[in-house]
Amino acid sequence: MMPSPSCSTILRLEGLPEIEAIPSARRKRTISLGIQDDGRITVRFPTRMKIEDAENFVCLKAEWLKRKIAAFRQDPRTHEPQDFYNGKTLPYLGQYFRMRLVEKNEGTDHKEVSFTGDEFILPEGLKEDARDAFLAWYKGASRNILASAIERYSPILNVRPDAIKVSGAKSRWGSCSAKDTLNFSWRIAALPQDIIDYIVVHELAHLKHKNHGPLFWNTVASVIEDYKRRNRWLKDHVGRFFI
Ligand SMILES: [Zn+2]
């Protein structure tokens with residue numbers, strides 16, 4: 001599907017400053033509302049969506065937005081940049097790598113985020129939707145990492161998950177459902193491999209024991225001897241790798 005040319009509209013809503021509504025062909029369902037580094041307020045929404053829906057979204061978030069604007073005006077330095085500027089660093093397997101913006105004519109024909117082994121490449125055309133583009137990349141990377149870890153550890157534990165899901169969970173790295181589906185956060189790709197292994201073994205062990213009793217921990221320890229260190233590492237680094 002070719003992205004259609006987008007043009008922005010200015011929304012004027014009661015009690016709020018002007019908001020730039022930008023339709024985006026790359027967005028499927030999500031809407032994002034935020035303050036840009038230069039102070040502009042933008043709402044990005046899928047081209048398929050009606051602008052009224054984006055407007056309703058802004059109205060629902062009005063109080064939140066007002067607080068954000070007040071904080072930004074008070075001290076713009078506290079503002080977390082939404083921009084994926086050239087040279088920004090992002091985590092992958094426990095290390096940080098620089099992101100490079102490339103233009104189409106730089107000999108590349110990338111239509112998505114890629115990783116060369118020592119840097120991330122973001123095609124210039126995706127800059128406006130960089131967060132979504134990176135989310136897609138992290139999801140894919142997490143799926144691959146998880147697939148190989150599960151392939152490695154499930155025969156050792158003699159278990160087989162019914163299904164693997166990669167979601168946007170923020171509060172947990174992984175979870176196991178009553179129906180033996182393992183859920184993992186797409187942020188997992190940011191973590192060091194030994195920590196990912198621990199998370200995978202932890203969730204696989206839940207296929208045997210749906211609790212955190214002694215039998216559960218014995219099972220984890222039978223595969224990951226130093227699981228306590230890795231568990232502690234996770235607790236110490238909470239929120240550190242949120243992208
Ligand atoms: Zn658990």
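**Exercise 1. How many bridges join E9 to E11, and do the two strands run parallel or antiparallel?**

Before the solution, some ground rules. This is a predicted model, where local features need pLDDT of at least 70, side-chain atom pairs count only at pLDDT 80 or more, and totals for chains, interfaces and linings use all residues. Residues are numbered from 1 along each chain as its sequence is written.

*Solution.* 
- Start with the labels: helices (H or I, at least four residues) and strands (E, at least two) are DSSP runs, numbered from the N terminus.
- Now the pair itself: E9 and E11 run parallel and are joined by five bridges. Two strands pair if DSSP finds at least two bridges between them.
- For a residue-level check, find Lys 165, whose bridge partner in E11 is Asn 183.

**Exercise 2. Work out the order of the open sheet of three strands and say which strands stand at its edges.**

*Solution.* 
- The order is E9-E11-E10, and the pairing is mixed.
- Strand E9 (163-167) and strand E10 (174-176) each have a single partner strand, so they stand at the edges, with one side of each left without a neighbour in the sheet.
- Ignoring direction, neighbouring strands here are turned by 20° against each other on average. Angles run from 0 to 180 degrees between N-to-C directions, and axes are lines fitted to C-alpha atoms, for helices over the stretch in contact.
- E10 and strand E11 (residues 181-185) run antiparallel, with three bridges between them. Two places to look: Cys 176 has Leu 182 as its bridge partner in E11, and Gly 174 stands opposite Phe 184 in E11.

**Exercise 3. Describe how the axes of H3 and H4 cross, and list what makes the contact.**

*Solution.* 
- Take helix H3 (residues 130-157) and helix H4 (residues 193-205): their axes come within 10 Å and cross at roughly 50°.
- H3 and H4 are therefore oblique to each other.
- The crossing of H3 and H4 is right-handed. That term applies if the near helix is turned clockwise from the far one by less than a right angle, with anticlockwise giving left-handed.
- On the H3 side the contact includes Ile 145, Ala 149 and Tyr 153, and on the H4 side it includes Ile 196, Val 200 and Leu 204. Two residues are in contact if their C-beta atoms, placed from the backbone, lie within 7 Å.
- By type, the residues of the H3 and H4 contact split into 11 nonpolar, one polar and one charged. Here Ala, Val, Leu, Ile, Met, Phe, Trp, Tyr, Cys and Pro count as nonpolar, Asp, Glu, Lys and Arg as charged, and the others, Gly among them, as polar.

**Exercise 4. Now do the H4 and H5 pair: which residues meet?**

*Solution.* 
- H4 packs with helix H5 (residues 214-223) at an angle of about 140°, the axes being 9 Å apart.
- H4 and H5 are therefore oblique to each other, and the crossing is right-handed.
- From H4 come Val 201, His 202 and Ala 205, which meet Phe 216, Thr 219, Val 220 and Val 223 of H5.
- The residues of the H4 and H5 contact come to five nonpolar, two polar and no charged.

**Exercise 5. Compare Leu 93 and Asn 158: where does each lie, and is each buried, partly exposed or exposed?**

*Solution.* 
- Leu 93 is not a glycine, yet its phi is positive, about 50°. Leu 93 sits in the loop between E5 and E6.
- Asn 158, also not a glycine, has a positive phi of about 55° and is in the loop between H3 and E9.
- Next, count neighbours. A residue is buried if 20 or more other C-beta atoms (placed from the backbone) lie within 10 Å of its own, exposed if 12 or fewer, and partly exposed in between.
- Leu 93 has 15 C-beta neighbours inside 10 Å, so it counts as partly exposed. Asn 158 has 9 C-beta neighbours inside 10 Å, so it counts as exposed.

Conventions:
Angles under 35 degrees count as roughly parallel, over 145 as roughly antiparallel, 65 to 115 as roughly perpendicular and the rest as oblique.
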